Amino acid sequence: MAKNNQKNMTIAARSSASIDSQTPISFTFDGRKYQGCKGDTLASALLANNVHLTGRSFKYHRPRGIMGAGAEEPNALVGVGTDGRIEPNLKATQVELYDGLVAISQNRFPSLKLDVGEINSVLSRFFPAGFYYKTFMWPASFWMMYEHIIRHAAGLGKAGDDHKDPDRYEKRHAHFDIVIIGGGLSGLMAGLQAAKSGQRVLIAEDQPQWGGWLRACEDIIIDGMSGQAWAEQAVSRLQEMENVTLLSRTTCFGYGDHNFLTLAERVSDHLAEKPAHLPRQRLWKVRARQVILATGAIERPLVFAGNDLPGVMLASAAQTYLCQYGVLVGTRGILMTNNDAAWHNAFALHRAGCRIKVIVDTRQNPSPALIKQATDLGILTRIGSGIIAAHGRLHVARVEIAPLSEAGDALTGEPEHFDCDLVMMSGGMNPVVHLHSQARGKLKWDERSHCFRPSTTHEAEQSVGSCNGSFDAAIGAKEAIAAARKAIKANSGEAAEITLPEITATKIKWTPMPIWQIPTGQPAGQGGKAFVDFQNDVTANDIQLAVREGYHSVEHVKRYTTTGMATDQGKTSNINALAILARERASDIPSVGTTTFRMPYTPTSIGMIAGRDIGGLFDPVRTTPMDKWHRAAGAKFEHVGQWMRAWYYPKDGENIQEAVIREVEAARQYAGLLDASTLGKIDIRGRDAAEFLNRIYTNSWLKLGVSKCRYGLMCKEDGMVMDDGVTTRLAEDHFHMTTTTGGAAGVLDWLEEWLQTEWPDLQVYLTSVTEQWAVATLSGPAAREILKAAGTDIDLGDDNFSFMSMREGHISGLPARIYRISFTGELSYEINVPARYGMALWTSLMRAGKNFGITPYGTEAMHVLRAEKGFIIVGQETDGTVTPYDLGMGWIVYDKKPDFIGKRALARQSMGLGDRKQLVGLRTKDPKQIIPEGAHAVLDPNQPPPVDMLGHVTSSYFSPNLGHSIAMALLRGGHARKGETVYFPMLDGKPPIEATITDTNFYDPKGERLNGQH
Amino acid sequence: MLEIKCPYCGPRDEEEFSCGGEAHIARPLSENSLSDKEFADYLFYRDNPRGVFLERWRHAAGCRRWFNVARDTLTHHILEIYPMGAKPVSKAGRAAYNANWRRDSQAEIAAQPASQKTNKTSSAKR
């Protein structure tokens, strides 16, 4: 590698205002120990240690070095951290150095300098654009094997092995009058204007320090100060103001509708010791009345053979490393440029001690003043020329320079060879228009600066300074003040008077030559690789090939070649790629257009987006007032929506089957107790409450007596069952509705929707009281005796308290509403007490029932008990395509009333067709066999595929009370098939299960047990 | 993420709301003796226009109230927010309302109270 660079810079030799050379910092890269300074990035520290080779490329495993100095860096991707904290694919240019930092290179095996994947580079003829699409198309069945190999070979870095992220992340919502993205000259200028005018201002800067290009620029003088000194003064003034929020190390990565911005604040990534009270990163969700974008510009690389060698760098990056970090990135440099600005970068490096041997300018007529300045410094110039190839193995060592035609598309002479250890390149500037474009602002192609600039905006935003194509500092500052004043006015504020500082800087003409690929003098496809997209290894040839193969749209070329698709999202490559595409299509750049800019601007950790909403905080868990009792009793639980419900109560090592059989038998022989507190409960009041229910439910509600209960089905407007439950009339204008546990919230929303949007004339008020009542359901022949034993002032006799009615009174001294309704078919009471008495009620009933064999039962036993009676569960027997008629519940549809939701739909012709799936019961031939739920029914198990399917099993259990299995199924034309035999083919090669179609009411069809008389 | 100005609570993030789809779909009753096909216009057919769309929103994680929104589906700009039962008053909102195919559908005509039916045809022409 760079043996030619013998001058290993010592820490003491480095000086710049941004780094603290008195505070050395140790770090390791690929296991080797190095020293950097406080203020370094990993990239600047590596370069200071003369380490240029930082990674291997994605596809060809070519050696790669540091090309940029910020978010645009395509090559220097590293993994940082140890153990569970390894974060892959970080740009070395953005990783702040801290003591003990551990970084590793990526995409190499076994080591950076010796990489076996480099063979891909030799074989590159066989890895053209679209290689994967072309090669792995067939045979289709081989994809599984191909995928395994590709997944291993491809991809960038690896995440930590431990899949648990040990760090903490926070989220924050905020609102501002004016949000400014970018803390360089324009951003700070706009910030000063807005802040002094009393606006609530947020200024966010991606870098740890403020000032942007001011920190890397040596020739700018603002109000008699260096650019950096001015920036520091501006920031300290802003910091004193209460209406200003300053966030450094904060990247705005998303810009959405209605001025909604998402920012990633790196709170403690840069600290060696991470304080426990600080999150690692913080996500800001910001709503801004006005946005000012001051995001700067990124230099474009030039496309020439060997432009990816370590030691080939953006000219502005070389200057940044020099001025901001005090690192000289080479000793013998060559510059290739198509514009004036880069000449000054070369002069700066030359003056600092890197001998610039040649400045190569692709233009035929750069400014004579620049040529003179170069000559005075002893720098050779090659005008109207280009670097046609760079050579070297692990570092650039030699270039070939040849004269070009005026258009830059052909060679006009023989190449000269020059030794070097640094190639600076500059292809002009690209304004960072990403956020403007994310916010759906339009772009226009600037024919002078040869770049896309913002044109019309979609949101309340303005772009200022370099990101608006105004590269001149004084113009940018003026623009920033004007934009801030406009934003203040739009916010109905008054702009304070501030004076524009006096800015002097080297005058530069920002008119680069449009040259998108330096010719090689060889036919396309031959000669060295000229990279367009460095991170995804896309060459100029790949784009040419894509066009030849018929891909013309920029979006197609992007996906076919993968240009612009890597983690840098083409920050350095996109314009070169679409300019080459335009050339190949004999079109122009504006007609080709850009691909869509999408968030995130830079990769963003998923942990930060999740924030605290993980683990137990991901979703609330709801428990009933009796939850502690169930836990103490060793219950197993199941999730029902957000609720935790007792599933079964295993005793003495019982498994689920044994426990459920015991619970089910007890409920039929003695008494069972179920915690039904999770049932949805809605309090319905108002003059028109009965009329309202009459329209919501399919059956009739107007004449229901006070204290009487009624079961109801509600349908959607398409006639399909959506929920069911028992509703009780508490008074003329007062009802208590129950819903399914999972459907409670949805039903309340549904009722509200109809009241507010369709029937606002009805006077009805709804209140959710699900959590206000605790419910214990006591069911079984001994239920009445247990209530008596618990002590009640309610007359439980059938004459006073009949089935489907409600009585209010006391149980064990607790105020209660008791509903005599039954989901088991047994004599059953649903005892409701205020939630705070739930536990007292439960324990008191358990005590009172002890001598009667009371047994708590869970949801599984509840399912078996209701299935024995053929009672449906909405969501199990129904799936949104099932009508009351399909369920055999036509008796609950009262179609004589003028209206109910679903009435007209149920009268549709298609509803009467006989082949609808209808609910039936099933009895297996072998009474012990249980058909799996979801099993499909067929008439002929021997029919060759495709097999006609009748429908599927919705519920299936073994019924201990009946001594055989029971099931329910939705079968095509099922109601007319009773008595027929159907088969259920099994997946595991076992013979099909044979069953007979029956009624669904398996147990006590006459309903004698409801009264406890049997 | 949209910012929606709840008429009862003020501006809030979209995540507090739920969208209830197309607004101004009059509900016919079964007594209106529509054919299945005509009824399907009410039951199944929904618009998805490019441009101004009149839709219903609910402040689900707030006051739970419903209201109407005139939103441009192309720009996501909200042109107008108006109460349930009202009609849009903005020019673009009114134009979208009047231009909707539903105004002439049998389902909507049938759903009009008898007292308004005579006015209906004339207002559609206006």
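The domain bounds used on this tour come from an automatic or database domain assignment. With that in mind, colour chain A of this predicted model by domain: domain 1 is 169-297 + 431-503, domain 2 is 658-677 + 772-866, domain 3 is 680-768 and domain 4 is 913-1010.

**Stop one: domains 2 and 3.** Select these two in chain A; their centres, taken over C-alpha atoms, sit 25 Å apart. Where they touch, domain 2 of chain A supplies six residues and domain 3 of chain A supplies seven. The domain 2 side of that contact has five nonpolar residues, one polar and no charged ones.

**Stop two: a helix pair.** Now pick helix α21 (783-790) and helix α22 (838-848), both in chain A. Two packed helices are described by the angle between their axes and the distance between the axes. Here the angle is about 110 degrees and the axes are 8 Å apart. Angles of 65 to 115 degrees count as roughly perpendicular, so that is how α21(A) and α22(A) lie to each other. The crossing is right-handed. Show side chains and you'll find A:Ile786, A:Ala789 and A:Ala790 of α21(A) meeting A:Ser844, A:Leu845 and A:Ala848 of α22(A). By class that makes five nonpolar residues, one polar and no charged.

Most residues other than glycine have a negative phi, and most peptide bonds are trans. Now for some exceptions. Go to A:Ser812, in the loop between β41 (805-811) and β42 (814-820) of chain A; phi there is near 50 degrees, a positive value. Then jump to A:His450, between β26 (443-446) and β27 (451-454) of chain A, where phi is also positive, near 50 degrees.

Which of these is buried, and which partly exposed? A residue needs 20 or more other C-beta atoms within 10 Å to be buried. A:His450 has 24, so it counts as buried, while A:Ser812 has 19 and is partly exposed.

For cis peptide bonds, select A:Met599 and A:Pro600, with omega about 0 degrees; A:Pro600 is in the loop between α15 (589-592) and α16 (606-610) of chain A. A:Pro945 and A:Pro946 are also joined by a cis bond, with omega about -5 degrees. Look for A:Pro946 between β46 (936-937) and β47 (951-959) of chain A.

**Last stop: the chain interface.** Bring chain B into view: 18 of its residues contact 22 residues of chain A. On the chain A side, α20 (744-758) and α24 (903-906) are the elements giving two or more residues. The largest share, five residues, comes from α20(A). This side of chain A has 11 charged residues, six polar and five nonpolar.

Notes. Residues are numbered from 1 along each chain as its sequence is written. Chains are lettered from A and ligands numbered from 1 in the order in which they are written. This is a predicted model: local features need pLDDT of at least 70, side-chain atom pairs count only at pLDDT 80 or more; totals for chains, interfaces and linings use all residues. Two residues are in contact if their C-beta atoms, placed from the backbone, lie within 7 Å. Helices (H or I, at least four residues) and strands (E, at least two) are DSSP runs, numbered from the N terminus. Ala, Val, Leu, Ile, Met, Phe, Trp, Tyr, Cys and Pro count as nonpolar, Asp, Glu, Lys and Arg as charged, and the others, Gly among them, as polar. Axes are lines fitted to C-alpha atoms, for helices over the stretch in contact, and angles run from 0 to 180 degrees between N-to-C directions. Angles under 35 degrees count as roughly parallel, over 145 as roughly antiparallel, 65 to 115 as roughly perpendicular and the rest as oblique. A crossing is left-handed if the near helix is turned anticlockwise from the far one by less than a right angle, and right-handed if clockwise. A residue is buried if 20 or more other C-beta atoms lie within 10 Å of its own, exposed if 12 or fewer, and partly exposed in between; C-beta atoms are placed from the backbone.
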